[in-house]
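Hi,

Here is the structure I promised to pass along.

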Amino acid sequence: MDLTFRLESGRNVPVFTRFEGPIEVRLSGDNLPATITRDLETLLRRLRNEAGIPISRTDTDSAQINIEIIPARQRKSLVPNAACFVVPGVATWDAYKKARRSHALDWTQLQTRSRIAVFLPSGTSPQEMRDCLNEEVAQGLGPLNDLYRLSDSTFNDDNFHTVLTGFDMLILRATYAPELRSGMSAAQVRARLPAILASLNPRGQGIGNRQRTSTPRTWSDAVTTALSRRSSVPTRIKSINEAMRIAQAEGWTDARSALGHFIKGRLHMGSDNARAFSHFRQADAIYATLPDAALQRAHVGVHMAAFSLTQGDGEAAVAWVDRHLNAAQTSENAALLATLMMLKAEGLSQQGRASAAQLVRVDSLGWARYGFGTEKEVSARLKEIASLSPQIWRSGG
């Protein structure tokens, strides 16, 4: 209900909306990378098989979902804070520019969904484009909101999950259940949901609610500022301190509490490394208590492995990596997987196992090219990890 009947801005959505009938998807733009077509086909196949949505590709202008790849400079001129986004009521970038100040693009004015546009940036890595594709197409089909309390979902602004999860597919399958239709009120949808979910996921019956409370807007705003590269580091640290104060006052012990420690750890890296890794350890301890936070722990594991390398403890670095490789691969996060493998290679090198290190390093390159995009970015990541030496750590690097 919170995903569907509220926008990220906090505005209420008056009626339930979705596409009614078969959905066709059109992909357009100059110099389309080969990976985007493959990734789109994979996404549409998953939506058909896992969410039960009748969706397919088309090349015609009548498509209900229109995905357009545009140069970053065009997007930044109008929407500087969004790498990719979805809007209703239009099919092209030109149409969006003409209508962007009108009610045509207002989700709260819809009675049903008939046409949407998804705008993706060109010049990014294949993984970033795929991640945008997953998130924006899913939002165009169903939930309009993101909730920080969801730890196993792309419908979460923490950006840990980058491809649709099983939870996300369940939400979309419920959204397109035959018992629902566009135009229903929140009360009408709420009355039908228990039976729909019992039918779609009978194993969920009787498990019970984890009693995860709603997230105050003040906490979300503080986290947004803490994550913003447009703000100064002192401002970002002040904001995450406020978010952590709210989390403590709310009594949270879930992913939101762990996220505060994770963000604070990242903000202290380079200036107060001991404090940074203390927060990473606290984040890992909280994530370890959650049943669906393996991917989050893998992100923490990157920093813990890096810390081990700075201490000259290659064995510990390899152990941290091995603990999280499966989660990175299962989540299809090539950038994360490549980074972990590069860290492992460096850990093996510190142990004097040069041949094994080289094999792991070479194996990481295929994932790295998809995750980071260019050879320049891949080379930069390799050099960054190779620089994690005890000497650099002790000098405060």
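Let me start with the disulfide (two cysteine sulfur atoms within 2.5 Å): C84 is bonded to C132, S to S 2.1 Å. The structure holds 1 disulfide, and this link is left-handed, with -80° about the S-S bond. The pair ties together distant parts of the chain, 48 residues apart: C84 sits in the loop between α2 (72-78) and β4 (85-88), C132 in helix α4. Helices here are DSSP runs of H or I, at least four residues, and strands are runs of E, at least two, numbered from the N terminus. C84 has 10% relative accessibility, so it counts as buried (under 20% relative accessible area, 1.4 Å probe, protein chains only). C132 is buried too, at 6%.

Before you go further: this is a predicted model, where local features need pLDDT of at least 70 and side-chain atom pairs count only at pLDDT 80 or more, while totals for chains, interfaces and linings use all residues. Residues are numbered from 1 along each chain as its sequence is written, and side-chain values use heavy atoms, leaving out hydrogens and water.

Now the sheet. It's open, with 5 strands in the order β2-β1-β3-β5-β4 and mixed pairing (strands pair if DSSP finds at least two bridges between them). At the edges are β2 (55-57) and β4, each pairing on one side only. Strand β1 (residues 23-29) runs parallel to β2, joined by 3 bridges, and V25 stands opposite R57 in β2.

Cheers

Note on methods
Buried < 20%, exposed > 50% of the residue type's maximum accessible area, 1.4 Å probe, protein only.
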